[in-house]
Amino acid sequence: MKRKWIIPLVIFIFIYITSFLLDRNMIEINLQIKNQAPSLLHLFGTDWLGRDMLIRTLKGLQLSITIGILTAMLSTFLGLLLSLVSSVNKTLDKIVTSFIDLFLSLPHLVTLILITFVLGGGLKGVVIGLMLTHWPAITRVLRAEILQLKEMPYVQLSKQLGKPLWWRARHHLFPHLAPQLLVGFILIFPHAILHEAAITFLGFGLSAEEPAIGIILSESMQYLSAGMWWLAFFPGLSLLMMIIIFQRFANTLKDYFGRDRSYEQQVND
Amino acid sequence: MNSKLMIKQLSVFHQQTNRILIDSVNLSVDEGEVVALVGASGSGKSLIAQAVLQLLPDNLRQTGILNYQSRPITKKDRGQNIVLIPQSIDALDPLMKVKKQIQSLLPAPHSEQKVFDLLGRLGLEEEVASRYPFQLSGGQARRILVAIALGSAAKVVIADEPTPGLDVDSKTDMLSLLKEVKASGKSILLITHDFDVAVDLADRIAVIKDGKIIENTLKENFVGKGERLFHPYTKALWQALPKNLFIRSL
Amino acid sequence: MLKIEGVSYTLPDDVPLFQNFSMTVNNGEILGLSGKSGIGKTTLAKIIAGYLRADHGQINVQQMKGKSHSVQLIWQHPEQAVNPKWRIDKTLEEAGVPDQSIIKKLNILPEWLYRYPKQLSGGELQRVCIARCLLAQPEFIIADEITTMLDPISQAEIFKILTEHVQQNKIGLVIISHDTVLLDNLCHKVIDFK
């Protein structure tokens, strides 16, 4: 059982750490070996400036994952904050739920492009844009969970024992929300990465000198017609693989928490 | 004696841990007899019903002999000769009208009149038959659940906790319904935590504790201070009832 | 003295549940409240203990800010009344400093304190809930069908401990139950609700 999620996680972390060990200066321009197809020396081939595509891809993945972790954390935190706000009273709940509905009814990518564009693109724009578009799903889950918890006798009883609001949130609500937060974070993460790559590809995201997968893909477009397929194929495939590996880990973890709950309901009569 | 339902050396284990939940239980229900299986929650009483009906959760394993009319219970018997009265209306299909529901569960012929007769017997209007389960009151729901058991050709009815958390009136109501089932000549295995219900309805009472049957005695022995009872736990149980010594028994 | 005067409560869909209900509970008095299910006994209990607000009427005991309510409710289902992720010691501490005499009185064994609610039986857990209630030092206790799910022995034990404790400490106790025999045995006075 444990192997099912340990292996993808280890592969994932291994690749992430490897990408850190690579120095950015290793992506050097060497026009003598430009436009080479994949070989044993350059596994992913080289580009029109003679840069090694394997190193570029790994550095690109590093950036993607970092942005993914950062935005997933920020979105989850925003979700927690908003779900707690919505639990205060009915008016605030209405405001939060209408915001959730608004954001869920708009196409993700369009809102993302809009926000990033307004913020002037770049790393800051991308991170804020991703944060502001990925919170609704987790907020909805957390809000439902809090609503249910607030109905539980032990939470109501706590108030009658004279415990203040923050104490009840910290001791009664948070322990039950923690698994949801973890699952939420893990589910947002691959989304955030793909969306970052997408808007960068479209030219609204990171600036061209960053070694991002989106940049690599959009640059390679000009050379694809010249038959240099490896410029897009390997970086794209690597990104996809990373997402799939992580998704596997996420699903097992989600099942794990789901199973935990069904176990609690087991009748032992 | 011709026993309708015979449970011999029934044990239930936890598959992984091998923990014993039911330990070599013997119990028989004779023709037209009501046997009550009384136990606290966690005593394993519901597991026995589940074992008889092959409804145990996947992680449990059962051993022992289960006989219907002196032959092993077959798959066909369950549902046809042995039926269960479920605890709540949730057991019905929420999207199907009561009439159709009853018809689908009863043996042929599936005539409308048969359903109406059955409802009439339990004091329900014909109009109730065209309702959906959620439109039924608590009392009507109980009648429908009992009606399905009553109308079936089954000789053995298992009632698993028929009075969970009901007030006195609803409890009395359910008891009179079960008496109706008894009067129709069916045998009943009544599983309950409620001593009053058991004493009121059953001919014989078996007490289960920690997966073992510690007492199996006629109802008549539950009198006075429980001098005619065998096991000290049963005695304590009897004496602790509010109508007996209650808190003075401790 | 706990004084409830002219309390009315209406359900969300404008169905009046009960109207103009009054009763008084003296310190040290044990009062029974019987009645059919669905007529609002539990709702009344929640109103008196401050969980719900009545539409009309007055109750002379209110909760002080930051202090525990002097009317404490014991719930019917103990497993819902304790946080499943807390150990028993934390559950008890929520009400105040655990007083060993109370813990002993309710036969709560020391090793239970390190267990989780799932590892205790219904009767054991209800005793924990009662201990928590007593630790909050209420002047009045409302016991809402607290033994419906328990076996007769646990039921007798719990009521024995509870009734003795309230009489020694001059606490007013309201026992809500559908079992009139039980109420007649325990209470000074039984009110038939509605």
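How many helices and strands are there in chain B? Chain B has eight helices and 10 strands, where helices (H or I, at least four residues) and strands (E, at least two) are DSSP runs, numbered from the N terminus.

## Basis of the model

This is a predicted model, in which local features need pLDDT of at least 70 and side-chain atom pairs count only at pLDDT 80 or more, whereas totals for chains, interfaces and linings use all residues. Residues are numbered from 1 along each chain as its sequence is written, and chains are lettered from A and ligands numbered from 1 in the order in which they are written.

## Chain A

Chain A contains 10 helices and zero strands, and its pattern along the sequence is α-α-α-α-α-α-α-α-α-α. Its C-alpha trace spans about 80 × 45 × 30 Å along the principal axes.

An unreviewed UniProt entry annotates residues 61-250 of chain A as "domain: ABC transmembrane type-1". UniProt positions are given in the numbering used here, feature names are shortened, and annotations may be inferred rather than shown by experiment. In the model, this span of chain A is 84% helix and 0% strand, and its end C-alpha atoms lie 18 Å apart. From the unreviewed entry, UniProt also lists "transmembrane region" for residues 6-22, 61-86, 106-133, 173-194 and 227-246 of chain A. Among them, residues 61-86 are 100% helix and 0% strand, with end C-alpha atoms 36 Å apart. Residues 173-194 of chain A are likewise 100% helix and 0% strand, and their end C-alpha atoms are separated by 32 Å.

## Chain B: dimensions and sheet

The C-alpha atoms of chain B fill a box of roughly 50 × 40 × 35 Å along the principal axes. With 250 residues, a compact globule would have a radius of gyration near 18 Å, and the 19 Å of chain B agrees with this. The radius is taken over C-alpha atoms, and the globule rule is 2.2 Å times the number of residues to the power 0.38.

Chain B has an open sheet of four strands in the order β2-β1-β4-β5, with antiparallel pairing; two strands pair if DSSP finds at least two bridges between them. At the edges stand β2 (20-30) and β5 (71-72) of chain B, each with a single partner strand, so one side of each has no neighbour in the sheet. Strand β1 (residues 3-14) of chain B runs antiparallel to β2(B) and is joined to it by seven bridges. Within β2(B), B:Val29 is the bridge partner of B:Leu5. Helix α1 (residues 45-52) of chain B packs on the sheet and touches β1, β2 and β4 (60-68) of chain B. The direction of this helix, α1(B), makes about 110 degrees with that of β1(B). Axes are lines fitted to C-alpha atoms, for helices over the stretch in contact, and angles run from 0 to 180 degrees between N-to-C directions.

## Chain C: sheet and helix pair

In chain C, five strands form an open sheet in the order β5-β6-β7-β3-β8, with parallel pairing. Its edge strands, β5 (71-74) and β8 (189-192) of chain C, each pair on one side only. On average, neighbouring strands of this sheet are turned by 20 degrees against each other, direction ignored. Four bridges connect strand β3 (residues 30-34) of chain C with strand β7 (residues 172-176) of chain C in the parallel sense, and C:Leu31 stands opposite C:Val174 in β7(C). Helix α1 (residues 41-48) of chain C packs on the sheet, touching β3, β5, β6 (140-144) and β7 of chain C; its direction makes about 155 degrees with that of β6(C).

The axes of α4 (residues 122-135) and α5 (residues 152-168) of chain C come within 10 Å and cross at roughly 10 degrees. The two helices, α4(C) and α5(C), are therefore roughly parallel, given that angles under 35 degrees count as roughly parallel, over 145 as roughly antiparallel, 65 to 115 as roughly perpendicular and the rest as oblique. Residues are in contact if their C-beta atoms, placed from the backbone, lie within 7 Å. The contact involves C:Gly123, C:Gln126, C:Arg127, C:Ile130 and C:Leu134 of α4(C), together with C:Ser154, C:Ile158, C:Leu162 and C:His165 of α5(C).

## Contacts with chain C

The contact between chains B and C takes 20 residues from chain B and 19 residues from chain C. On the side of chain B that touches chain C, α6 (168-183) and α8 (232-239) of chain B are the elements that give two or more residues. The largest share, three residues, comes from α6(B).

Notes
Contact = placed C-beta atoms within 7 Å.
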